[in-house]
Protein chains: 4
Amino acid sequence: MAGTEHTARKLTMKDIHAAAERLKNWGRWGGKDEIGTLNHTQPQDVVAAARLVQKGKIMSLALPYDSNGPQGGKTKYAALGRFNPIHLMIRAGTDAYSGVLDHRKIRGADDIIIMPTQCGTQWDGLGHIFYGDQMWNGYDCRTVTSFGAQKCGIEKTREKMVGRGVLLDIPRMLGQEYLPDGFAITNEVLDRAESHFGVEVRRGDYLLVRTGQIEAMLAASTWDGYSGGDAPGLAFETLDWLQAKQVAAIATDTWGAEVRPNESDEAAQPWHWISIPIMGLTVGEIFHLAELARDCAEDKRYEFMFVAPALPVTGAVGSPVNPLAIK
Amino acid sequence: MAGTEHTARKLTMKDIHAAAERLKNWGRWGGKDEIGTLNHTQPQDVVAAARLVQKGKIMSLALPYDSNGPQGGKTKYAALGRFNPIHLMIRAGTDAYSGVLDHRKIRGADDIIIMPTQCGTQWDGLGHIFYGDQMWNGYDCRTVTSFGAQKCGIEKTREKMVGRGVLLDIPRMLGQEYLPDGFAITNEVLDRAESHFGVEVRRGDYLLVRTGQIEAMLAASTWDGYSGGDAPGLAFETLDWLQAKQVAAIATDTWGAEVRPNESDEAAQPWHWISIPIMGLTVGEIFHLAELARDCAEDKRYEFMFVAPALPVTGAVGSPVNPLAIK
Amino acid sequence: MAGTEHTARKLTMKDIHAAAERLKNWGRWGGKDEIGTLNHTQPQDVVAAARLVQKGKIMSLALPYDSNGPQGGKTKYAALGRFNPIHLMIRAGTDAYSGVLDHRKIRGADDIIIMPTQCGTQWDGLGHIFYGDQMWNGYDCRTVTSFGAQKCGIEKTREKMVGRGVLLDIPRMLGQEYLPDGFAITNEVLDRAESHFGVEVRRGDYLLVRTGQIEAMLAASTWDGYSGGDAPGLAFETLDWLQAKQVAAIATDTWGAEVRPNESDEAAQPWHWISIPIMGLTVGEIFHLAELARDCAEDKRYEFMFVAPALPVTGAVGSPVNPLAIK
Amino acid sequence: MAGTEHTARKLTMKDIHAAAERLKNWGRWGGKDEIGTLNHTQPQDVVAAARLVQKGKIMSLALPYDSNGPQGGKTKYAALGRFNPIHLMIRAGTDAYSGVLDHRKIRGADDIIIMPTQCGTQWDGLGHIFYGDQMWNGYDCRTVTSFGAQKCGIEKTREKMVGRGVLLDIPRMLGQEYLPDGFAITNEVLDRAESHFGVEVRRGDYLLVRTGQIEAMLAASTWDGYSGGDAPGLAFETLDWLQAKQVAAIATDTWGAEVRPNESDEAAQPWHWISIPIMGLTVGEIFHLAELARDCAEDKRYEFMFVAPALPVTGAVGSPVNPLAIK
């Protein structure tokens, strides 16, 4: 298996620094840019993406946000403090039934959500990962304080996240239900998938890469091992592939996009060290790709209109999202 | 002014009950339906909506979610317990800079949001308002408990909220910056707006009605009087108009869609008594329509592709949303 | 073992209703009372309790409130929606170090807590449990709405929770480290403990009953089985004993005070059906009694001044608390 | 007025640094101490404090924690991100009445609190304020991260906060209802108060200083100007007085203990720069002293047993508290 051989030599900090030099997009869209590769999508790409809507089918790529979400599982790694959404009512139908709302002359329910922005299907914003003391476009990491991200907040993307979506369904190509933990999706695998599915990834695309890990968890009725645990995922070398392809963003159906155990002992999530702060690449995680994958297998069309607007929470470094694939 | 005359006689409970009989859509999409008029949009409507994308321009209709949001203001009415979003960091760039994250071998930020689902730009779900002891499609209101909405939760809409959007910009038609509080947008006003802007509202559309109230607040640098206060808005009679038009959903730039002071002394928000639980009409509120309105005035096109996916929070009766108008 | 024999016959609803008739204290302290048996403690009792302070030793009976708290465990029973405290910073020392606070001319940290009132060491208020449609003193249960408890809120106790504390250390009496799950502490056991430890429970006392379950969990480094799981605890018949003794309140080191599996198949937590709504008995749970137990064993004094003020959260049905035993 | 003359010359950073040198208690209780002046109270002081309980009267010094709390007001100064408590139900009596809980075989209510630790009556912990890059006892301020205070967390005080309380009721001494904003309570004022009320502040005491500001706010039915606004309060020079007296802690009925406008233009809250990080002085704020003041005026006894246990929230830099004065 490509992945297994590939990861034979562990990445050192020297490899990571070299990648940083090689792939740095700082200044590419001006010194004040805060959205990075989302700039790759041009107006004409949005028009072309809309033309891909041909049968009027809308597919949601979001997991439900609730107490059964993916933060419930255990792994051998240290936890990050994320938890599943806590949903609480301010007023409920039971209050209505009990008559206690009638002095208001209307019976209604209202509610509150408490959630980490990255507890379920989510965008990682460009304020999410730092490289040394810097973040995307060279901004000082101290612009992300306890008050939130003064630079690169997710709200800066509020008129992006629309374009051509492309699905590369790796386990389907390999005749598997899902990829095993530790499976590294290499450039060769990605190239082969383009060819296999007859779809080319192009500048400005939103690339979705399926591993099947969510389906594996749902089949096993447990999230143990998912959030923060080992997983199949992108190899470090895909950073170069993505840079060459000029994708707008990439999303996977795993917790952390990249392969785990990681390809380095010196850095955790080495692919993240480069993708977000150095390349300015917005990353989607925990995208639920099962329905879309079935549909693509059925109609043989692996491209679609993709619309996945982040909530413009000022200063947030991520966002929950209900991504839609529209065909 | 149409609105002023119109509201001369206050609505009684008899009027409201008559409207409930006249406009009841219960069972129209089967006894198990939980999404109501969202059913009006058909696949071919989604395809047609996508064809409206012609210049590749994406416009967000969301206010930022932050502590400067619309819940900050005061009104003469009783408060509802909603508050502006509270955004907190689990890890920040200042932690990174201080070196306290380095044992993790990656420097990152993470955050949490605490927010009423209806504190800013939002969808009202069909679990939000009750009619007596019942809700949309005749479900018992006791299915909305402190644990959330077992029926008609907003997550049921996760593959909807896509279609043709139409903007009716009432103040622009009237040559005003914004409509005054208490201005009732009647059926006659809506008809006139269609004609004025050369756009016809059709089955399955997402209708956006602008009053300009958000711009008035932003100009005055205060939200006092906005959330829960008096406002221009839809007249009660528009329920019949919307039923006839078979819209999928309607949204306005006000806190509560309908005109305030309300047209009834016996019921608060009488339009809501019918629209949500009786007709099954999903309602958008606090949509920020200024940029879209400017664009429509410029290119004279008041129709566009509309994509505004709710977050699928299980059992929620509303959802924050970043609605996109794509032209 | 007394407990085992005792529970041979399962309680029926008839038993529970009979206990309700027998033990009902409604009206005992007037029709407007909202604090029940806390009234048993008289000013002279407070003075006498203070006289028990003889060596100036202060012992906290609280578990730490943090993410390692007792809500983390799993049981075979359905969960209740409680979670461990979530502690978040508004400003931190790392912000200070990074210099981002200096425009304020002071460097400080600030924080927020999100917690169920009953996630750790806690008081159950009198609004916590209902008997049919009624609660303590006959109040309608509909006075506890989504807006909180309009009657019997924990804030009504704010000048109580001070008196003579008495510890009955059951496992120590029995020569055990801790009591096994399902062990029912009967009246006979309580009587024997008074005699064994040479301490008499009197009117107005705050009675603490130790089972050792927390120490068992801490020794095993897991909370699995604790919150909502099986446990040693008070037998149903102790309701009569407590009524006769006229205690102000009772607290144990278990999640739910009473023995589990419960003594009834028809009612869950049958002891709670009577203690809180019928007797007006305030109940403490998850009190960490290990240090106090060691101290009492050492100085042979099982009485002390007890001060455990609830936070006066308006309308709350419980409260976190740092209970102090002062000797 | 002493205060007015006193503040004629504004404090410079030089004054503050000199005070830091003069009053530094670092190392006084060993290099690992995390509770500072709370060490002043000795076991015999606790015993003596208990002897002050003579009539069995318990007085709460806490404001209710609810949406009407002191964070609701406006001032001319920048806000700090604190808000009033948000209290939400997980289950309510209206659920019980509606029958939706009966499958559980028990009817109960449960709730959640979301609150800044310093939104109402509160203790400032020793992790709350930094001096340069250091905090109490010389600890690095980077030990207070987004994960909380690894040093000097409020949980370290869990077996403290018991001792002799002394009230100095300044407005009563001066024949005023309450002190005006900007009134500086100087050492001379404190000395005079001791003499006037016939009470001497001693080593290990918990000193409560009343300004009457809360009563002024309650009388005016507004919190505008209170939290973060101008206020009467302690003069900077009282730091020396408190050091000499060796108090365990001090609390006032104002938002920020010290006089505002501050006595310095170069530092905000200059008294805080020294009291917390340099002296290790725990500070109570927003203590509601009205009832206690009335009682002391009545029985002429300005000393009492004081018990005000912080909630042991791990890593918190403050704590809500229901402080009790027991006489």
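Predicted model: local features only at pLDDT ≥ 70, side-chain atom pairs only at ≥ 80, totals over all residues.
Now colour the chain B side by secondary structure. The elements that give two or more residues to the side touching chain C are β2 (86-91), α4 (93-98) and β4 (110-116) of chain B. By type, the chain B residues that touch chain C split into six nonpolar, three polar and one charged.

Show both sides together and you have 10 residues from chain B and 10 residues from chain C in the contact. The area buried between the two chains is about 890 Å², with carbon and sulfur atoms giving 70% of that. Pick out Leu88(B), Thr94(B) and Ser98(B): in chain B they lose the most area to chain C, together 47% of what that side buries.

Next stop, chain A. Select its open sheet of nine strands, ordered β1-β17-β15-β9-β11-β13-β14-β5-β16, with mixed pairing. At the edges stand β1 (58-60) and β16 (318-320) of chain A, each with a single partner strand, so one side of each has no neighbour in the sheet. Look along the sheet, where neighbouring strands are turned by 25° against each other on average, direction ignored.

Finally, zoom in on β5 (residues 122-124) and β14 (residues 282-285) of chain A, which run antiparallel and are joined by three bridges. Click Asp124(A), and opposite in β14(A) you'll find Val283(A).

Key
Residues numbered from 1 in each chain as written. Chains lettered and ligands numbered in written order. Heavy atoms only, no water. Contact = heavy atoms within 4.5 Å. Buried area = accessible area lost by both parts, 1.4 Å probe. Helix = DSSP H or I, 4+ residues; strand = E, 2+ residues; numbered from the N terminus. Nonpolar A, V, L, I, M, F, W, Y, C, P; charged D, E, K, R; others polar. Pairing = 2+ DSSP bridges. Axes fitted to C-alpha atoms, helices over the stretch in contact; angles between N-to-C directions.
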